[in-house]
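These are my notes from one sitting with a single model.

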Amino acid sequence: MLDPAGRRCRRGPHDIELTARELGVLACLMEQPGRAVAKQDILDQVWDAPHAIDPNIVEVYVSSLRKKIDAPFGRRSILTVHGTGYRMAADGG
């Protein structure tokens, strides 16, 4: 469960602490479950000056999200779409 306005994320009964940017990246991906989202699209939605930032910063945030929302639960929710970006697993991982 993701509540961007309340800055809350839960997986089952567990609260997961995320930074504002992590929440933004996760919300961007969750808005289009099962569809690939380009790194530039994530930058455009989450960062204030996206064209001044290296698109590889998205990889850093996705890695952090995977450590927080997937690894502790033995799940794979955020999938890499090579040559494009990332997508949320259609079944939630």
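Predicted model: local features only at pLDDT ≥ 70, side-chain atom pairs only at ≥ 80, totals over all residues.

**Methionine 88.** Beyond its neighbours within four places in sequence, methionine 88 is in contact with Leu26, Leu29, Met30, Pro33, Gly34, Ser77 and Ile78. I placed methionine 88 in strand E6.

**Nonpolar core.** Next I asked which residues of the largest nonpolar core touch the most other members. This core has 22 residues, and the ones I listed are Leu18, Val25, Leu26, Leu29, Ile42 and Ile78. Helices H1, H2 and H3 and strand E6 (85-88) each supply at least two residues. H1 gives the most, with 6 residues. I kept one general remark beside this: in soluble globular proteins, nonpolar side chains tend to be buried together.

**Helix H1.** I then went through H1, residues 20-30, for burial. The buried residues are Glu22, Leu23, Gly24, Val25, Leu26, Ala27, Cys28 and Leu29. That makes 8 of the 11 residues, so I described H1 as largely enclosed by the rest of the structure.

**Isoleucine 42.** I followed isoleucine 42 from the core list. Leaving aside neighbours within four places in sequence, isoleucine 42 is in contact with Val25, Cys28, Leu29, Val37, Trp47, Val58 and Tyr86.

**Lysine 39.** Lysine 39 lies in helix H2. I found a polar contact of 2.7 Å between the side chains of lysine 39 and glutamate 59. With neighbours within four places in sequence left out, lysine 39 is in contact with Pro55, Asn56, Val58, Glu59, Thr84, Gly85 and Tyr86.

**Helix H3.** I checked the length of H3 against expectation. At 1.5 Å a residue its 14 residues should span 20 Å, and the end C-alpha atoms are 19 Å apart, so the two agree. I listed Val58, Val62, Ser64, Leu65, Ile69 and Asp70 as buried in H3. The buried residues of H3 pack against strand E2 (8-11), H1, H2, strand E5 (78-81) and E6.

**Aromatic pair.** How many aromatic pairs does a search of the whole structure find? It finds 1. The rings of tryptophan 47 and tyrosine 61 have centres 5.4 Å apart and planes at 75°, so I classed the pair as edge-to-face. Tryptophan 47 is in the loop between helix H2 (39-46) and helix H3 (57-70), while tyrosine 61 is in helix H3, 14 residues apart, and the pair links distant parts of the chain. Tryptophan 47 counts as buried because its relative accessibility is 8%.

Cysteine 9 is in no disulfide, and the nearest cysteine sulfur to it is that of cysteine 28, 15 Å away. Cysteine 9, at 6% relative accessibility, counts as buried. Cysteine 28, at 1%, also counts as buried.

Note on methods: Residues numbered from 1 in each chain as written. Heavy atoms only, no water. Phe/Tyr/Trp six-rings, centres within 6.5 Å; stacked < 30°, edge-to-face > 60°. Helix = DSSP H or I, 4+ residues; strand = E, 2+ residues; numbered from the N terminus. Buried < 20%, exposed > 50% of the residue type's maximum accessible area, 1.4 Å probe, protein only. Polar contact = N/O pair within 3.5 Å; in protein donor to acceptor, adjacent residues only side chain to side chain. Contact = heavy atoms within 4.5 Å. Core = buried A, V, L, I, M, F, W, Y, C linked by side-chain atoms within 4.5 Å. Expected span 1.5 Å × (residues − 1). Disulfide = S-S within 2.5 Å.
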